[in-house]
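Subject: Structure handover

Hello,

Please find the structure below, with my notes after it.

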Amino acid sequence: MNFSRGLAAAACVLALAPAALPPYAMTLLTEALILGLFAMSLDLMVGYTRLLSFGHAAAYGLGAYTCGNLLLHTGMPLLFAVPLAALFSGIVAIGVAWVCTLASGVSFSMLTLAFAQLFYAVAFKWTTVTGASDGLAGIPRSPGPFGIAIFAGKAGFYYLVLACLLGSLLFCRMLVHSPFGEVLRGIRENEAKTLSLGYNTRRYKIAVVAIAFALGGLAGALYAPFAGFANTELLFWLFSGQVLIMVIVGGAGTLVGPIIGAAFFMLVSNLLSSWTDSWALFFGLIFIGFVLFAPQGIWGLLSGTGRAEGRERVRWRFLKSTS
Amino acid sequence: MALLEIDELTRRFGGIIAVDRVSMRVEAGEVRAVIGPNGAGKSTLFNLITGVVKASDGSVRFDGTMLSGMSPYSICQHGISRTFQITALFPEMTARENARLAAQARHVRRWQPYGGSTVFGDAARRGDAALERLGLTHVAHRPAGLLSHGDQRLLEVAMALAQQPRLLLLDEPTQGLSVEETAQAVDTLATLLADRAMTVLLVEHDMEVVFRLAHMITVLHRGAVIADGEPDAVRADAEVQRAYLGGLA
Amino acid sequence: MDFAAFLVTQCLNALSQAALLFFLGVGLTLIFGIMRIVNFAHGAFFMLGAYVGYSSVAIAGNFWAALVLSPLLVGGFGIAFELGVLRLLYRRDHSAFLMVTFGLTLIMGEAIRLIWGVNALEVRAPPALSGIVFILDEPFPLYRLFLAAAGIVVAVAIWQFLERTRLGLLIRATSQNAEMVHALGTDVRLVRSAVFGIGCGLAGIGGVLAAPLVTASLAMAPTAVIDTFVIVIIGGMGSFLGSALGALLVAFVQVFGTYYFPDLALALMYLVMVMVLVIRPGGLLGKEA
């Protein structure tokens, strides 16, 4: 199926959802879309640049706390606070990425985790901004500008989230298919060669981390007024791991896959939690299973191309022939 | 003034001196081969010129610009392209995409985050032209990782050519090729270099290849230059005979 | 308290802390050196060590029994995981290992919660070590002194093991050139399994030893794995001496940082790491990156 036609169909179905679904399901769906946006932002790093991050919760938490504070203390309208929080998250990411890209490969991954934990620890201490372990509560969906209040309601907010997700998806698609995205692909496949061709790979990596953090921050910024609160859970390392699971299980390097992965995650954790409280155990197993046997993820399996597997085979044959 | 001027270039790894006070002048339009037995420091010399390894001492000047201390990408942006001894490609991309990505590196708007990957028509054309010059057009659509070893070696050269470099560094372009593949590759390279439009620094083990392609030869032995001159003079040099050619003759 | 006594006791404190961190760091770095993989589950193995230690004390009524049993069980579990799962992945790139061992962390955390419950469990130090000694008239827990000593003993033991024994030689050789060792007729796969087991076992010892200080709790895994990562990044991935140096540095920064800058203690560790990375991207004793 052609991408734009598929996207239009999916958008139509999702746009009609509020008319058909009960309120409880709408809440779940809204959260799934927010998580989908979050997972997709990580895919830019993991799937397209092979920058494995174990600290992406930092982006989400930054966005959520920033947005929460703007809404609680400045009276800024929701429509301004959300993009501003995303922007802030992206700017902070430049500093984080500057440090993390001093190292590469596994050390990069270890550093991302370390930084996320630093943010987590800071959130615990910095009571005036984060409310420490209580978190921020009662975050409003402030109306405006010009008294636009449509996004305060359940369905209205859902449409805001949907618009953000679709807009981001189109943006990411444009990005990965651009000359810039082609360089990211080069970094994924052979960073040293990309560098020797004259590309400043470190700057490209910092840029992609900043974009991923801005979009991840957007997801967090939407979550704060959606849930009405923000707490340190949003920065916890387990959450970083969960979003990585969504990306891998959904299908890294496909943008759409991670959104599916997030929906799958929401669905399965809701089903599992009705008969067991240790669903994390099953998620660990599902995750390992996918990494071992279906690295192309759900979307790769569904679309039937098995491209990720093909890629892996190509790379392996290449490595074997040259070493 | 020579295009590439290397002065007293030295690199130590711990107690080992891999490159020992090497000086060299490469004139524009010249094909210079760097030869020497294994461990003579040829690859390290390439890595020093391209900034992959930092020099312990000495300097490299390219067209009057000091290269020492620059990072590999900015050295490349000054017009020096290279191939690697161990094939370095983007295995999942097609040969055409490989060449295009190489050509695009010189584009002023290479950062452009929109417009599709083929938006720069001139880069795509230069990539395709480079593939054609090396006779790779018929495999342009195949993933680079699935090409034959010989084609992979040539693709690396094509990628370097697509960048239209002022200085081309070839690190053992025939490494790992069969006799027939080598003969073919050398023919292709000879045609390519016939018009003397390009300056080339070539590391090569195969003496036949060297004497066929090179105008000048520098012989390295244990990191130091032991001979430097035109092929016939180097061939006659007694020290070179002893250190290197003697074993082969 | 006079300054000399303060300094000495704080240094001993840091040394005991360094010992615990060293058990973690050296295991991770050994595994990385041989297998080129980062074991994300290292903190979880540390935690498992503490919980197994708790049960061993409860059943055998003896801390020393726990100190033997726990590393054996944890190491055995590590070997089983290497044989059952990791072995399937040697043809894949690094990220697959990181992800699989991360999945294992989740599973182990949940499994431990199911078996031992959510509450922190107290493990008592053996009676012989639970007293207090006076150092320059300052009271100091004997157990911490024991930890510092244990750290030094184990560090020397591992060093001698790597230098003097046949397996140690194989490990060093494999970390330099696995294919050559394989070609010379040693099954590298066995070396890998053994090293993975040893690394996990060391984390297990660390867990048992840490339990009397911090109690066995579910928060152990993330804290431990992050400290470990910082240590090996500072020391240099795959360097034995580097992990010792990194452990010392981090421990001293943690102990003195907590005292002098209580609000910044945590950030201080990162600051040191960033400084090291800027100056030497490969870590203090690592290969140049």
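The notes cover conventions, the contacts between chains, and then some packing within each chain.

This is a predicted model, in which local features need pLDDT of at least 70 and side-chain atom pairs count only at pLDDT 80 or more, while totals for chains, interfaces and linings use all residues. Residues are numbered from 1 along each chain as its sequence is written, and chains are lettered from A and ligands numbered from 1 in the order in which they are written.

Contacts between chains

Between chains A and C, the contact takes 31 residues from chain A and 34 residues from chain C (two residues are in contact if their C-beta atoms, placed from the backbone, lie within 7 Å). On the chain A side, helices H5 (106-125), H11 (237-250) and H13 (279-293) each supply at least two residues (helices are DSSP runs of H or I with at least four residues, strands are E runs of at least two, and both are numbered from the N terminus). H5(A) gives the largest share of that side, 11 residues. By class, the chain A side has 22 nonpolar, 7 polar and 2 charged residues (Ala, Val, Leu, Ile, Met, Phe, Trp, Tyr, Cys and Pro count as nonpolar, Asp, Glu, Lys and Arg as charged, and the others, Gly among them, as polar).

Between chains B and A, 33 residues of chain B and 27 residues of chain A take part. Helix H2 (72-77) and helix H3 (95-104) of chain B each supply at least two residues of the chain B side, and the largest share, 4 residues, comes from H2(B). The chain B side divides into 19 nonpolar, 10 polar and 4 charged residues.

In chain A, helix H3 (residues 57-73) packs against helix H10 (residues 201-227) at an angle of about 50°, with the axes 6 Å apart (axes are lines fitted to C-alpha atoms, for helices over the stretch in contact, and angles run from 0 to 180 degrees between N-to-C directions). H3(A) and H10(A) are therefore oblique to each other (under 35 degrees counts as roughly parallel, over 145 as roughly antiparallel, 65 to 115 as roughly perpendicular and the rest as oblique). Residues in this contact include A:Gly61, A:Ala64 and A:Gly68 of H3(A) and A:Gly216, A:Gly220 and A:Ala224 of H10(A). The contact of H3(A) with H10(A) has 14 nonpolar, 7 polar and no charged residues.

In chain C, helix H6 (residues 166-176) and helix H8 (residues 188-214) pack at about 105°, with their axes 10 Å apart. That makes H6(C) roughly perpendicular to H8(C). C:Leu167, C:Leu170, C:Ile171 and C:Thr174 of H6(C) meet C:Val188, C:Val191, C:Ala194 and C:Val195 of H8(C). This contact has 7 nonpolar, 1 polar and no charged residues.

Chain B: domains and sheet

The domain assignment, which is automatic or from a database, gives domain 1 (1-79 + 165-249) and domain 2 (93-164) of chain B. Their C-alpha centres lie 25 Å apart. At the contact, 10 residues of domain 1 of chain B touch 11 residues of domain 2 of chain B. H6(B) gives the largest share of the domain 1 side, 4 residues.

Chain B also has an open sheet of 4 strands in the order E2-E1-E4-E5, with antiparallel pairing (two strands pair if DSSP finds at least two bridges between them). Its edge strands are E2 (16-26) and E5 (65-66) of chain B. E4 (residues 57-62) of chain B pairs with E5(B) over 2 bridges, and B:Met66 in E5(B) is the bridge partner of B:Arg61. Helix H1 (residues 42-49) of chain B lies across E1 (4-13), E2 and E4 of chain B, at about 65° to E2(B).

Regards
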